[in-house]
Amino acid sequence: MIPQSFIQDLLARVDIVEVIERYLPLKKGGANYFACCPFHGEKSPSFSVSPAKQFYHCFGCGANGSAIGFLMEYNGLGFIDAVKELAGSVGMEVPEDDFAPSRDRAKEQSLTEVMAQAARYYKEQLKRSPVAIDYLKGRGLTGEIAARYGLGYAPEGWQALQAAFADYNAAQLLECGLVLENEQNRRYDRFRDRIMFPIQDQRGNVIGFGGRVLGKGEPKYLNSPETPIFEKGRELYGLVQARQAVRDQECVLVVEGYMDVVGLAQFGVCNAVATLGTAATPHHIQKLLRLTDRVVFCFDGDAAGRRAAGRALEVSLEHLADNKTLSFLFLPEEHDPDSFVRAEGPDAFRAAMTRAQPLAEFLLAELHKNIDLGTAEGCARLIHEAKPLVTRMAAPLLRLQVIKMLAESAGFTQAEVERAFDLKSAVAPRNFAPAPFERDFGDSNGRFGGHRRSGRELPRLSPRKAPSNPVEALLKLVIQHPVWAARLPIDLLPDDTPEGQALIAMTDAMSVGELPTHGVGALLEHYRDTPHAHVLGRISSQLADTPLDETMLEPQFNDTLYKLESVLVEKEITSLYTRARESDLDPAARRRLAELLSLKEKLKTRAKVSDS
């Protein structure tokens with residue numbers, strides 16, 4: 001793990017405006033800077049960057065975060081890679097993770113340079129090979145698309161790479177998988193007489209190759225082996241080229257082959273990426289869902305395509321969210337994406353994408369296959385086979401919908417299916433509000449009762465609007481001025497709401513000197529991947545266009561504390577009155593009620609003085 005102290009030092013050293021300006025043209029507007037949001041299509045700027053808060057926020061799509069969060073979203077980087085990239089820009093060295101295997105950075109850089117040199121060689125050889133050029137033209141590709149994806153050609157011959165490297169026996173060539181050695185330790189090129197597809201990491205470095213045979217031959221596609229810089233299960237072909245189109249269209253298309261990606265791009269479908277000869281992995285799903293909210297998997301319509309779709313579905317379940325959509329597009333059996341778009345055109349392909357089968361629908365269809373729901377045994381089998389899949393679904397609302405549909409299909413109630421799945425029932429018992437009651441000061445014996453009595457009575461409670469939430473208001477203020485967490489009365493903070501829990505966590509962090517105090521962005525990074533991240537992000541978004549006015553914050557803070565105490569006092573008074581309806585209050589409870597009524601009046605007086 002990277003120490004939190006380093007993260008905070010890094011964010012204190014960088015300026016989020018300078019970081020984002022490397023990627024977007026920002027224009028100053030008041031205290032903030034604005035641009036068109038890179039995360040969704042728009043024509044009017046709604047993407048705001050606050051230098052005072054070191055925080056960005058889009059009023060259109062809700063994206064927000066720190067400089068680290070921006071690099072993660074914009075470049076599709078993981079947290080560690082984003083920190084490293086940001087640290088490198090200001091000359092800071094990231095501490096190594098004590099819990100991860102040590103990595104030889106210099107060696108990785110050396111291997112990356114070797115792959116870049118090989119890519120340049122293959123690209124140059126394509127220009128010199130009429131046969132390879134004719135092949136690509138025959139597949140409908142132009143030179144522009146070939147250049148965009150860096151396509152190349154590996155010549156015939158066992159040791160063609162000798163022309164690209166001064167030392168053909170260098171250890172890096174073997175480590176990169178560019179060459180092989182036989183039992184006599186003689187080297188020869190891995191890729192021969194193949195169209196070469198460079199595979200890039202998220203920074204654009206070439207880390208591997210896919211090679212397609214020109215004519216007939218096996219294997220049809222040959223991929224680089226796993227190396228210190230290349231892991232198939234983590235990378236996606238074409239992601240660098242597709243990134244902007246994915247943002248613009250708010251959707252990514254996942255296909256199975258290199259030619260599918262470049263063939264679709266030739267027809268203007270530029271938001272496609274491909275897995276690298278493997279089934280989709282959890283790493284792929286996480287990377288895609290960081291990039292966009294909508295993922296469409298495209299498979300051939302044959303049995304093999306259905307099996308591949310089933311594997312993609314299974315690895316997706318634990319990474320779903322209720323604001324994300326995964327769907328499955330099955331092409332006619334005679335087509336793959338490349339052939340379909342050439343035969344039917346891009347509009348037909350895009351129309352097919354809109355009809356892709358949503359994940360829940362595909363899941364239910366697969367579960368229903370070969371099950372006779374006309375029998376009790378079939379109904380039981382459906383629920384039995386659904387359990388290991390549905391219970392892994394991470395999106396709670398989507399899971400609830402699937403459970404409801406399963407229950408309806410199999411003739412069970414929703415609660416019965418939830419019990420079979422060992423899930424807590426989402427069907428809550430109906431709550432009935434208590435009837436209005438009369439309150440009094442007691443009879444001659446000083447007793448409280450739940451029914452009308454002779455003597456002096458308390459007035460009936462009149463209907464009123466729900467008060468504004470002082471806990472949320474307090475959280476807004478403390479986010480803007482984190483040092484005030486030290487002034488929070490911990491005994492007044494409720495622990496039964498996300499806002500209250502976040503305030504308690506901030507108070508605890510401040511008490512040990514660990515709470516960031518140099519901007520909203522730093523605060524969000526401190527609580528990334530914690531239970532408080534969501535509520536802090538939501539409240540911060542509401543503050544994005546609120547200027548910091550120090551003259552107003554202090555009185556607002558004090559007034560909100562008064563309101564919070566008033567709410568808690570009123571809550572306890574109501575609780576005691578409820579008890580009085582059911583039975584007589586004991587002397588201690590009566591004294592407490594009197595104290596609370598007196599405190600309530602004092603708080604009202606204090607609030608009036610504060611307002612004046």
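**Close-up 1. R247 over the face of Y74 in the predicted model.** In this predicted model, in which local features need pLDDT of at least 70, side-chain atom pairs count only at pLDDT 80 or more, and totals for chains, interfaces and linings use all residues, R247 lies over the face of Y74, at 4.0 Å from the ring centre (a charge sits over a ring if NZ of Lys or CZ of Arg is within 6 Å of the ring centre and within 35 degrees of the ring normal). Residues are numbered from 1 along each chain as its sequence is written, and side-chain values use heavy atoms, with hydrogens and water left out. Y74 also belongs to an aromatic cluster formed with Y23, F39, F47, Y56 and F70.

**Close-up 2. R306 and F330.** R306 lies over the face of F330, with 3.9 Å to the ring centre.

**Close-up 3. Aromatic pairs.** The whole structure contains 24 aromatic pairs (rings of Phe, Tyr and Trp, the last by its six-membered ring, pair if their centres lie within 6.5 Å; planes under 30 degrees apart count as stacked, over 60 as edge-to-face and the rest as tilted). The ring centres of F191 and F209 are 6.3 Å apart and their planes stand at 65 degrees, so this pair is edge-to-face. Both F191 and F209 are buried (under 20% relative accessible area, with a 1.4 Å probe and protein chains only). F340 and F349 form another edge-to-face pair, 5.9 Å centre to centre with 65 degrees between the planes, and both F340 and F349 are buried.

Terms used: Buried < 20%, exposed > 50% of the residue type's maximum accessible area, 1.4 Å probe, protein only.
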